[in-house]
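Here is a short note for a colleague opening this entry. Please keep the sequence and the model side by side while reading the points.

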Amino acid sequence: MPDAASSREHSGAPLLEARGVSKRFGAVRALDEISCSIRAGEVLAVVGENGAGKSTLMKILAGVHEPDAGEIRFEGRTVRMRSVRHAQDRGIALVHQELNLAENLDVAANIVLGREPRRLGVLDGRGAERIATAALEKVGLAIPPRTPVASLGVGARQLVEIAKSLAAEARVLILDEPTASLSKAEADRLIGLVSQLRERGTAVVLISHRLDEVLRMADRIVVLRDGRQRGELDRANATREKIVSLMVGRDVATVERREIETGPVRLAVKGVCSEIHPRHAVDLEVRGGEVVGLAGLVGSGRTELLETIFGVRRARAGVVEIEGVGLPSGDPRTAVARGVALVPEDRGRHGLFLPDPVRLNFAMATLSEHARGGMLSFQAIRRLADRLARDLHLRPPDHGRAAGTLSGGNQQKVVLGRWIALAPKVLLLDEPTRGVDVGARAEIHTIVRDLAAKGCAVLFASSELDEVLSLADRIVCLREGEVTGELAAAEASEEAVMSRLVAERAA
């Protein structure tokens with residue numbers, strides 16, 4: 001239930017307002033006369049499918065883009081947000097879904113970047129640490145301020161980004177998928193933090209595909225579809241069904257549980273110890289036609305296990321076998337040649353060539369198949385891209401645009417499409433629907449099921465337990481690098497899985 005404070009009426013003039021805002025990128029109309037506003041001490045959620053225009057609107061409010069038409073008003077006056085710094089000077093901060101930290105610096109340096117404290121004209125390192133420590137405490141991240149950012153996982157980086165905005169005393173905080181990479185405990189902490197910011201009079205704009213969180217946090221909800229505003233709901237009349245109906249304008253397909261026909265073992269993990277959890281060995285098998293889910297809390301070793309299987313990390317011990325033949329440890333090139341594919345958790349850093357066209361990203365795993373006499377056949381690459389864009393329902397279907405200009409969900413489809421082109425024997429998926437809307441999530445689940453039906457062995461990790469329960473034929477539970485249980489889909493429940501994730505080890 002929402003608390004009393006979050007249910008109160010918000011009065012007064014809007015702090016930040018968009019009026020009739022439109023934006024084009026080439027032939028694509030990203031926004032078409034959007035109007036919305038937010039008041040101090042209010043949480044406004046902006047929801048919609050991937051490609052609906054949410055991120056474009058937020059970037060206009062934060063000074064990343066300028067609108068082609070319409071106006072932005074701040075404190076009742078028309079303003080021109082010429083740059084990110086211009087918006088920041090007014091107290092408007094955007095925390096991007098694809099994180100934007102300087103990996104070569106430590107946490108403290110990132111938090112004060114551009115606002116470094118000085119003493120007698122010299123950088124005040126201790127002052128920076130004090131500012132960073134206070135900001136980290138606000139988001140509940142217990143790490144030393146001198147921790148290198150490069151050593152942090154995605155969830156911790158997300159919290160550092162938010163801490164950076166809080167340190168700048170933002171009056172309007174725009175959060176783009178803030179909990180997509182967080183554990184349930186971290187997400188609950190962030191939701192509590194949003195409530196505290198509301199109490200202090202901060203205006204919070206939230207983009208999230210997690211509709212339960214939207215209903216829990218938002219005072220008002222603006223729904224976008226295909227760049228247009230489709231409706232606005234307040235807390236009193238908002239339901240999940242109403243939001244989905246406005247978002248997609250169609251019935252969302254569900255992936256029904258199927259009777260699986262498994263083939264021979266395609267992937268066998270035998271006594272594998274990762275670099276992160278060297279004391280515990282993992283044994284598991286995945287057969288052709290089977291979808292196996294890895295469930296585990298933050299620090300359980302899900303990502304590390306997938307990266308070790310693929311060869312991004314070296315195994316401390318044990319062996320990975322593909323159809324009974326061992327893979328050399330730490331050799332992803334050989335893994336790909338043997339039909340193993342990995343869709344990584346952080347698609348922006350590890351999955352895509354963001355400046356390059358979508359068509360080249362689609363073809364990267366199969367370039368040798370598109371060469372004629374040592375030269376790439378761009379006609380063949382375009383045919384491949386045409387097929388994948390159509391089959392994956394890429395929005396917009398323009399595969400000539402840079403991958404970095406796509407929404408998060410469409411970027412995920414591009415990474416997945418690259419490996420579909422390879423026709424993998426084993427598909428490894430790390431957070432397959434992170435930051436993906438409800439419609440695209442169902443589409444991706446269908447794609448995964450179709451691959452399994454063709455004989456592919458699928459092993460995926462997800463921090464969303466409902467995704468594990470709905471997609472997996474079998475669930476393997478991990479805790480600190482150790483398998484603590486295994487459940488068939490028929491016997492799996494949230495309680496049964498959680499009991500295996502938190503249970504203490506036997507003496």
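1. Start with a charged pair. The side chains of Glu232 and Arg220 meet in a salt bridge, 2.9 Å from N to O. A salt bridge here is a side-chain nitrogen of Lys or Arg within 4 Å of a carboxyl oxygen of Asp or Glu. Glu232 sits in strand β12 (residues 228–234) and Arg220 in strand β11 (residues 220–225), so the pair ties together parts twelve residues apart in sequence. Helices (H or I, at least four residues) and strands (E, at least two) are DSSP runs, numbered from the N terminus. Arg220 is buried at 12% relative accessible area, whereas Glu232 is partly exposed at 42%. Buried means under 20% relative accessible area, exposed over 50%, and partly exposed in between (1.4 Å probe, protein chains only).

2. A word on the source. This is a predicted model: local features need pLDDT of at least 70, side-chain atom pairs count only at pLDDT 80 or more, and totals for chains, interfaces and linings use all residues. Residues are numbered from 1 along each chain as its sequence is written, and side-chain values use heavy atoms, with hydrogens and water left out.

3. How many salt bridges are there by this rule? The count is 36. One of them joins Asp106 and Arg146, at 2.9 Å from N to O. Asp106 lies in the loop between β6 (92–95) and α4 (107–111), and Arg146 in the loop between α5 (125–139) and α6 (154–167), so this pair ties together parts 40 residues apart in sequence. Asp106 is buried, at 16%. Arg146 is partly exposed, at 37%.

4. Arg401 is in the loop between α14 (378–391) and α15 (408–420). Arg401 is buried yet has no salt bridge. The nearest side chain of opposite charge, Asp398, is 5.2 Å away; Lys and Arg count as positive, Asp and Glu as negative, and His and the chain ends are not counted. The side chain of Arg401 does make a polar contact of 2.8 Å with that of Thr405. A polar contact is a pair of N or O atoms within 3.5 Å; within protein, one must be able to donate a hydrogen and the other to accept it, and residues adjacent in sequence count only if both atoms are side-chain atoms.

5. Now the sheet. Six strands form an open sheet in the order β18-β21-β22-β15-β23-β24, with mixed pairing. Two strands pair if DSSP finds at least two bridges between them. The edge strands, β18 (340–343) and β24 (482–488), each pair on one side only. Strands β15 (residues 291–295) and β23 (residues 474–479) run parallel and are joined by four bridges. Gly293 has Ile475 of β23 as its bridge partner.

6. Thr433 is in the loop between β21 (426–430) and α16 (438–453). Is Thr433 buried or exposed? Thr433 counts as buried because its relative accessibility is 3%. Its side chain makes a polar contact of 2.5 Å with the side chain of Glu467.

7. Six of the eight residues of α2 (residues 54–61) are buried, so α2 is largely enclosed by the rest of the structure. Among the buried ones are Lys54, Leu57 and Ile60. Gly63 follows α2, with a positive phi near 85°.
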